[in-house]
Amino acid sequence: MAASDIPSIEVRLPIKLGQFVKLASLAASGAEARELTEAGDISVNGQVETRRGSA
């Protein structure tokens, strides 16, 4: 995905990863966000992140 294709999402910090996943519409619920994160389907700055409470 090209950088121009990535949407910009404004947030107030701090925000937990699970909250951001829901805010970005990558998951419909907190449970789904948890499943995606625990499965290793979420990366932050190119690194897989499995801690959904990561800030």
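Modeller: Helices (H or I, at least four residues) and strands (E, at least two) are DSSP runs, numbered from the N terminus. This is a predicted model, in which local features need pLDDT of at least 70, side-chain atom pairs count only at pLDDT 80 or more, and totals for chains, interfaces and linings use all residues. Residues are numbered from 1 along each chain as its sequence is written, and side-chain values use heavy atoms, with hydrogens and water left out.

Colleague: In what order do the elements of the protein run from the N terminus on?

Modeller: The secondary structure comes to two helices and two strands. Read from the N terminus on, these elements run α-α-β-β.

Colleague: Which element of the protein has the highest confidence?

Modeller: Confidence here is pLDDT, the predictor's confidence in each residue, from 0 to 100. The protein averages 84, and 89% of the residues score at least 70. Among the elements, E1 is lowest, at a mean of 86, while a mean of 92 makes the highest helix H2 (residues 30-38).

Colleague: What share of the residues of the protein count as buried?

Modeller: Buried means under 20% relative accessible area, exposed over 50%, and partly exposed in between (1.4 Å probe, protein chains only). Of the 55 residues of the protein, the buried share is 20%.

Colleague: Which residues make up the largest nonpolar core?

Modeller: A nonpolar core is a set of buried Ala, Val, Leu, Ile, Met, Phe, Trp, Tyr and Cys residues joined through side-chain atoms within 4.5 Å. The largest such core has five residues in all: Leu17, Val21, Ala27, Ala33 and Ile42.

Colleague: Where is the place of Ala27, and is Ala27 buried or exposed?

Modeller: Ala27 sits in the loop between H1 and H2. Its relative accessible area is 8%, so Ala27 is buried.

Colleague: With which residues is Ala27 in contact, leaving aside its neighbours within four places in sequence?

Modeller: Contact means heavy atoms within 4.5 Å. With those neighbours left aside, the partners of Ala27 are Val21, Lys22, Glu32, Ala33 and Leu36.

Colleague: And with which residues is Val21 in contact, on that basis of leaving aside neighbours within four places in sequence?

Modeller: Val21 belongs to the largest nonpolar core, where Ala27, Ala33 and Ile42 are also members. Once its neighbours within four places are left aside, Val21 is in contact with Leu26, Ala27, Ala33, Leu36 and Ile42.

Colleague: Of the contacts in the protein with a separation of 6 or more, what percentage do residues 24 or more positions apart account for?

Modeller: The count takes contacts in the protein with a separation of 6 or more. Of these, residues 24 or more positions apart account for 27%.
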